[in-house]
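Good morning, and thank you for coming. Please look at the sequence and the structure on the screen while I speak.

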Amino acid sequence: MLMCFLGEWWTHRIFPVSGWTFLDLSLNSPTFGLRSVKQPLETRPPIFATDRLKLGSPIPGEVALRICALRETFEESGVLLVAPKIEEKKMLKSIKDLGYIERYGVNDLCSSELTKWRALVNQNPSNFIRMCRELQVLPDIWALHEWGNWLTPAGRYGTTRFDTAFFICCLQEIPHTLQDDKEIERFQWSTPSEILQSYQAQELWIAPPQFYELSRLCRFPLLNDLHNFASQRATAGCEQWMPVVVSNDEHHISLLPGDKLYPVDSPRDSEAAKSTAPQSKDHQDASPLHRIVISDPYTLRVQITITPKYNHVLPVAHSAVSHDSKSQL
């Protein structure tokens, strides 16, 4: 099965984590055993490159973002991904020998214990710290693999903007799940292609970034394939994508970095683009393209002729909604 830990798809809230003294004691490393990203700091998305020491936190962003994703996932779905503190020495050896921790499991705390702690975390996010200390577990930041970063355009979706770090986590078993009564209407376990089929059939709606990323995941029919790719690719880094939306007579077009019409200096702090897209004559003459063409809320298609940066994979453009019954993803 597949789990995507994304902080949230379109939400990201950072809570102070300077109190994670048990992490300081557990892993004697500036990055707590996380593998170094090869991408130069000056090209890293701001969400990853921010100097958190200036914000009063000794926890690096690579760690803080993962803790936030794990906490929010537990808060909203009841899925808790932690590593027993007792396995610390084994984890350190794994980091030393392999350069990363090979983990596929999920915590098996009893449902009553999870329910109790989830209620406390919902009352106060800092209770996530307390929970980990009392249960003698570590948030399994090593199971999350950096995947991408999306930023909503300024002024297009109201005054609130969402800068979201996307992580991939692969599990071999379906974890215990509790439905959130606030932000989650219902939950189900599905393959990426099944979700895209349901979207095309107008059984559910997904935002363009979800459509794009799910189409990427359709490149991997097997869970092991996704796990291996995500794990190996994660150290390459990623770029921040802020869609710039333009319109023509028939479509809205969400331009992404690399597209020939995408602003050289993307207007991250300005109002969302409201210009009119020029009429396209022939896609053969329109390179480079990197865009999502939106015909209506349930009809999207990705047009891409560029090579993805940071060793990433292209979305499946046409077969994304086809379902392979033998797929294990």
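This is a predicted model: local features need pLDDT of at least 70, side-chain atom pairs count only at pLDDT 80 or more; totals for chains, interfaces and linings use all residues.

Strand 9 covers residues 290-296, and strand 10 covers residues 299-304. These two strands run antiparallel, with six bridges between them. A hairpin of two residues leads from strand 9 to strand 10.

Strand 9 also pairs with strand 8, which comprises residues 252-255. Here, too, the strands run antiparallel, and four bridges join them. As an example, H252 has I294 in strand 9 as its bridge partner.

Is strand 9 mostly covered or mostly open? Strand 9 is mostly covered, since five of its seven residues are buried.

I turn now to the aromatic rings. How many aromatic pairs does a search of the whole structure find? The search finds nine. One of them is formed by F48 and F167, in an edge-to-face arrangement, with 6.5 Å from centre to centre and 90° between the planes. Because F48 lies in helix 2 (residues 46-49) and F167 in strand 5 (residues 163-170), this pair ties together parts that are 119 residues apart in sequence. F48 and F167 are both buried.

Finally, W147, F220 and F229 form a cluster, linked by ring pairs.

Note on methods. Residues are numbered from 1 along each chain as its sequence is written. Side-chain values use heavy atoms; hydrogens and water are left out. Rings of Phe, Tyr and Trp (its six-membered ring) pair if their centres lie within 6.5 Å; planes under 30 degrees apart count as stacked, over 60 as edge-to-face and the rest as tilted. Buried means under 20% relative accessible area, exposed over 50%, partly exposed in between (1.4 Å probe, protein chains only). Two strands pair if DSSP finds at least two bridges between them.
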